[in-house]
Amino acid sequence: MEAKEQEEIYKEFYQAVNMTATTLEKWLKTEESKSVGWDSGDGESIGHKSGEHIIKILNKK
C-alpha cells in the first residue's frame with residue numbers, strides 16, 4: 001500500500017472515530033452499549049465488538 005493511501009485511511013479513520021480510547025472503553029462497559037446494535041450470534045452486538053477493535057487501533061502508535 002502506498003504512503004498516500006495509508007495517510008488517507010488514517011485521516012478517514014480519525015474523522016469517523018469521535019471518542020478517545022479511554023472514553024470508548026468506559027462507554028463499552030455500560031449497559032447501554034451492550035443493549036444496542038445487532039446481535040452477532042453470541043450475545044454480544046457487532047458494534048460492541050467493533051468498539052473493542054477500535055480501542056486496540058487507537059492504542060497503537
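Colleague: Is Tyr10 buried or exposed?

Modeller: First, a caution: this is a predicted model, where local features need pLDDT of at least 70, side-chain atom pairs count only at pLDDT 80 or more, and totals for chains, interfaces and linings use all residues. Residues are numbered from 1 along each chain as its sequence is written, and side-chain values use heavy atoms, with hydrogens and water left out. Buried means under 20% relative accessible area, exposed over 50%, and partly exposed in between (1.4 Å probe, protein chains only). Tyr10 has a relative accessible area of 54%, so Tyr10 is exposed.

Colleague: What kind of ring pair do Tyr10 and Tyr14 make?

Modeller: Both lie in helix α1, four residues apart, about one turn of the helix. Helices here are DSSP runs (H or I, at least four residues), numbered from the N terminus. Rings of Phe, Tyr and Trp (its six-membered ring) pair if their centres lie within 6.5 Å; planes under 30 degrees apart are stacked, over 60 edge-to-face, the rest tilted. By this rule there are two aromatic pairs. In the pair of Tyr10 and Tyr14, the centres are 4.6 Å apart and the planes at 50°, so the pair is tilted.

Colleague: Which residues form the aromatic cluster?

Modeller: Tyr14 is partly exposed, at 35% relative accessibility. The rings of Phe13 and Tyr14 have centres 5.0 Å apart and planes at 85°, so that pair is edge-to-face. The cluster is Tyr10, Phe13 and Tyr14.

Colleague: Which helices do the buried residues of α4 pack against?

Modeller: The buried residues of α4 are His48, Gly51, Ile55 and Leu58. They cover an arc of only 80° around the axis (taken from the directions from the helix axis to the C-beta atoms), which puts them on the same side of α4. With contact meaning heavy atoms within 4.5 Å, they pack against α1 (3-16), α2 (21-28) and α3 (31-35).

Colleague: Which backbone atom does the side chain of Ser45 reach?

Modeller: Ser45 sits in the loop between α3 and α4. Ser45 is buried, at 5% relative accessible area. A polar contact is a pair of N or O atoms within 3.5 Å; within protein, one must be able to donate a hydrogen and the other to accept it, and residues adjacent in sequence count only if both atoms are side-chain atoms. At 3.0 Å, the side chain of Ser45 reaches the backbone nitrogen of His48.

Technical notes:
Helices (H or I, at least four residues) and strands (E, at least two) are DSSP runs, numbered from the N terminus.
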